Amino acid sequence: MHRTTADGSVAPIRPADSVGIAFCGVRKAFGDVLALEDVTFDIERDSRVGIVGPSAGGKSTLLQLTAGLLETDEGTVNVEGATTAAGRLARCALMPQRDLLLPWRTALDNAVIALENHGVPRSEAREKTRPFFERFGLVQFEDVRPAQLSGGMRQRVSFLRTLMAEKDVLLLDEPFGALDSITRAQMQEWLLGALGDVPRTVLLVTHDVEEALILSRTVVVMSARPGRVVTILDVDVETEGHTRREIVTSREFVALKESALEAIE
Amino acid sequence: MSADVDLRSAAKAPGESTRRRPSRWSRAWRAYGLAGAFILALLGIWELWVWIFHVPAYLLPSPSGIAVALKNDWGPYLAPAMWVSLREVLLGFAIAAVAGVGLAVVLHLFAPLRRAIYPILIGSQTIPIVVLAPILVILLGYGIWPKLVIVALICFFPIVVNGVDGLRLVDDDFIRMMRTLDATRWQIFRKVEFPGALPSIFSGMRVAATFAAIGAVFGEWSGASAGLGYVIQQATPNLQTARIFAAILILTVIAMALFGLVSLLERLLVPWAPRGGRM
């Protein structure tokens, strides 16, 4: 399979295996605090996987390891064949917990920053990014600074910025953790649509079991510190053509939620 | 779906309430009115004090006496001296701003250099400029150069220190974010660290702006034939105290004007930053 990259060239043909991300015996400690221990699981290419677990359970650490921002103490993280930190960094885009929009740049100029880093001239990067503002419900807010945007809009700009990096792997770290529950529900629905458009490997960290079940096809439940994989659940709830309310109150969904919550305890 | 909700909530800028914005004048009054009233009260007491106790003008001139000196001496002494000092202050400050920001950037980008130079830089500040000034005059002569060097030396330090701190204290999360978006070291500096440090750089420059006039006076005292420092030096043995006060007043105005200019520049260049350091 070919994929066109940011600069228009064609990426090399992918290796035959279908593993997107593989964690093998991963251990990570910060000083005396053991954040992760013996984490082993695989994520299929182009799948959506949610990681849930109690707060401070090393979930963010797992994402940073995947992104190549950290190195493991033991074990390996393999992202589409890359095991070095630099190699992983080149393949992953991380959407941080805080929106981290640059306050001196407008919404549009925040969204184009990855393209700019890749050497695309700013005017061209803007033209390429502008259409997404319509799809993301951000029209007329292109030239507004982050301070004037609502929390939900800031998260959408932050997501767009991550998306525009055009990486194969998207890592989302509690993307809606800072939002109120109503906005959060709207954003989950929106993200579901946005992710449907771009088939990529998505790894989503959240402490909200419901969010993980709605947004992913597979849910990895992790324990409190040190983080270990407790169980892995396949989400086989029919979502097509159903409203959010119908989904979250369906029998399969409630049963899955119960087993996930049970695993966390 | 969520878009229209957000549109409504974002239409109103944060911090903007339904309360009517106060007019320009009432805001100016709230900002500076109290300071102005306080100064007027002090001047009144001063004037009365001199008048009641018959304080001789060479010891303490009254505010009205200073005003008269300002008017009479403006043409022959004060105005020409003011231009000389103003030039020293502005040029010296400009040199310090360029060199200070430049050194802060270099020290930030090359950590070993920072470890080597930063302690020396702080040590250099313990050398009293008053002692250094005559040596600089011997080295550089009676012209404008020793004054520029002294003004620049005094202004340099707060700009470098605030610059280095501002660059170093940029949130690591921003830098991590940039790394996942494939930014090079230089791109991180140019797009995140430098703009992020601008508020801090400007607060260093505001502090430096208040020092610049003092530097010019030190320089002129150590050897000059013009400038407000020179006027003060000449007036002292002649007991022309009112003229000294008038010169000090002008120096204060110069310092405040430079402070205002820096604040204005900050407002233009860093419009996104939270406001602080108003006069």
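Guide: Start with pLDDT, the predictor's confidence in each residue, from 0 to 100. This is a predicted model, where local features need pLDDT of at least 70 and side-chain atom pairs count only at 80 or more, while totals for chains, interfaces and linings use all residues. Residues are numbered from 1 along each chain as its sequence is written, with chains lettered from A and ligands numbered from 1 in the order written.

Visitor: What is the mean pLDDT of chain B?

Guide: Chain B averages 87, and 90% of its residues reach 70 or more. Watch residues 1-18 of chain B, though: pLDDT is below 50 there, yet the stretch has 21 contacts beyond near neighbours in sequence. A contact means C-beta atoms, placed from the backbone, within 7 Å. The model scores ipTM 0.82 and pTM 0.80.

Visitor: How many residues of chain B are in contact with chain A?

Guide: 22 of chain B, against 30 of chain A. H7(B) (172-180) is among the contributing elements, and gives the largest share of chain B's side, 6 residues. Helices are DSSP runs (H or I, at least four residues), numbered from the N terminus.

Visitor: At what angle do H3(B) and H8(B) pack?

Guide: Angles run from 0 to 180 degrees between N-to-C directions, with axes fitted to C-alpha atoms over the stretch in contact. Here H3(B), residues 63-109, and H8(B) pack at about 145°, axes 8 Å apart. Among the residues making the contact are B:Gly92 and B:Ala96 of H3(B), plus B:Ala212 and B:Gly215 of H8(B).

Technical notes:
Two residues are in contact if their C-beta atoms, placed from the backbone, lie within 7 Å. Helices (H or I, at least four residues) and strands (E, at least two) are DSSP runs, numbered from the N terminus.
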